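Q: Could you walk me through one part of this model up close? I'd like to hear about the cavity and the helices around it.

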Amino acid sequence: MLAFRITRSSGFGNAHGSSAMDHLHPDACGKSSCVKGGIAVMFYTSLYLLAFSMGGVRGSLTAFGADQFDEKNPREAKALASFFNWLLLSSTTGSIIGVTGVVWISTQKAWHWGFLIITIASSIGFLTLALGKPFYRIKTPGQSPISRIAQVIVVAFKNRKLPLLESHEELYEVYEDATIEKIAHTNQMRFLDKASILQENIEPQPWKVCTVTQVEEVKILTRMLPILASTIIMNTCLAQLQTFSVQQGNVMNLKLGSFTVPAPSIPVIPLLFLSILIPMYEFFFVPFARKITHHPSGVTQLQRVGVGLVLSSISMAIAGIVEVKRRDQGRKDPSRPISLFWLSFQYAIFGIADMFTLVGLLEFFYREAPATMKSLSTSFTYLSMSLGYFLSTVFVDVINAVTKRITPSKQGWLHGLDLNQNNLNLFYWFLAILSCLNFFNFLYWASWYKYKSEDTYLKLNLKVIKNNGERKQDEGEKKNGSGQDMKAKAKESSQTSEANTEGPSSSDETDDGRNSREWKHR
């Protein structure tokens, strides 16, 4: 993670250098892109470094922070649930500073000063993380999760013609290895169980047979994929609000009292709501819900995600209503546009939705993931966000192409740059309907999903400890037995020597005496 932090600081440093030096600015050419040659190399290098480091930091930071808590300790389990809320609050606070202070400096002073501030902040974050290294709980890296997944798929395919065993107790498992948390067998996706069938005359080796735990790891990740897919639409809605809200703000009254809000700072509205709602959720809702549900997080992770999906659909419906009001006023009297305050309604609801869904997903993917795949699974949250943003671009192009053909005006809903001549409200309502349908899709997969059974996990891992203890006890008994045998032989040798020197010879020994000594040796 430190390496990704260094890469991130380097990316921002390159961006600052290319924006601060005039000879690194491209000459105007009248085209959409005028970047070429060495300027293009430095520009795209900065972008790729930032994208690469952002993926690495987001993928590892959440799992690393959560690793500092022991899930089996009730007190730390509650702290773990709070950690995800405070993680969201810290990132929200940073975003607020970015879209307000940094944006103001970039627009009012100079563009490169904004990159310099971010570079310094990123470097301070790296130093803070590095200085805390002696105090962290650092888990030893194990086998690559990608290779473990590949092994299950390959072996299951090789054994595809084998019949399933009647009892899962006959499947291959290694209980002597206490370094890997054991996972109980489940009856879902039983075709993967064929990877755990140990055939005759085959030694248990990787790529020939997989343990039940290894197969269940793949099952868990497979069960997570529909949950992941169900949140993509919500991130698509978020992308649309963030992009079109800036365009809406450009034709709205940006004055809030005596203060004029810059259009690029409009995304601060949902961030401000989040910064207020997260502490309220943590200090009021969670303790109240814990008393009712007795769950460390107040509600389950999937319940939290479901609430967020419902609220996102409501937010998009309200966004369409607000857009109708804005457009009607813009057409009626462009000199008196409605206030930017009207956008706060949709942003407030979506802020609550984002708080529920994002934190719920992070906690869900971390808690439910196998011990060897927590970093991989927590990355699913940001994968959903990336796919949602990509899908938003696809939706805009597809909606424009389709509506251009079927509307009487032969104009797409989102054609041109003049929002007063567009039908952005219809696009928002389309997303609201799609979000509603997506919620029912989520309900199906959430009801199908099977949570990890902590009691079963505890029994399995106690079995591992018991087997290891019995094995050590057997080894100790063998050592003690061998020691006693050596003592008995030494004693026997001593008695024989004494008999030869003090007693009668063996030829003169009576039957009763011989039988008595033989019984004693037995």
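A: **The cavity and its helices**

Three helices each put at least two residues into the lining of the largest cavity: helix 7 (232-250), helix 10 (343-368) and helix 11. Keep in mind that this is a predicted model. Helix 10 gives the largest share of that lining, with four residues. Sort them by class and you get four nonpolar, four polar and one charged.

As for size, the largest cavity comes out at about 60 Å³. With a cut-off of 30 Å³ or more, the count is one cavity. The idea behind this kind of search is simple: roll a probe the size of a water molecule over the atoms, and you see where empty space is left.

Now for how the helices pack, starting with helix 7 and helix 10. Their axes come within 12 Å and cross at roughly 150 degrees. Angles over 145 degrees count as roughly antiparallel, so that is the label for helix 7 and helix 10. The crossing of helix 7 past helix 10 is left-handed. On the helix 7 side, the contact uses Met234, Cys237, Leu238, Leu241, Gln242, Ser245 and Gln248. Helix 10 answers with Leu343, Gln346, Tyr347, Phe350, Ala353, Asp354 and Thr357. By class, this contact has eight nonpolar, five polar and one charged residues.

Next up is helix 11 (residues 374-406), which meets helix 2 (residues 37-66), with axes that come within 8 Å and cross at roughly 130 degrees. That angle makes helix 2 oblique to helix 11, and the crossing is right-handed. Helix 2 brings Arg58, Gly59, Ser60, Thr62 and Ala63 to the contact, while helix 11 brings Lys374, Ser375, Thr378, Ser379, Tyr382 and Met385. Split by class, the contact of helix 2 with helix 11 has three nonpolar, six polar and two charged residues.

Technical notes. Residues are numbered from 1 along each chain as its sequence is written. This is a predicted model: local features need pLDDT of at least 70, side-chain atom pairs count only at pLDDT 80 or more; totals for chains, interfaces and linings use all residues. Side-chain values use heavy atoms; hydrogens and water are left out. Axes are lines fitted to C-alpha atoms, for helices over the stretch in contact, and angles run from 0 to 180 degrees between N-to-C directions. Angles under 35 degrees count as roughly parallel, over 145 as roughly antiparallel, 65 to 115 as roughly perpendicular and the rest as oblique. A crossing is left-handed if the near helix is turned anticlockwise from the far one by less than a right angle, and right-handed if clockwise. Contact means heavy atoms within 4.5 Å. Ala, Val, Leu, Ile, Met, Phe, Trp, Tyr, Cys and Pro count as nonpolar, Asp, Glu, Lys and Arg as charged, and the others, Gly among them, as polar. On a 1 Å grid over the protein atoms alone, a cavity is a set of points where a 1.4 Å probe fits but cannot get out, and a pocket is an open set with protein on both sides within 12 Å along at least five of seven lines; lining residues have an atom within 4 Å of a point. Grid points are joined across faces, edges and corners, and a volume is the space filled by probe spheres set on the points.
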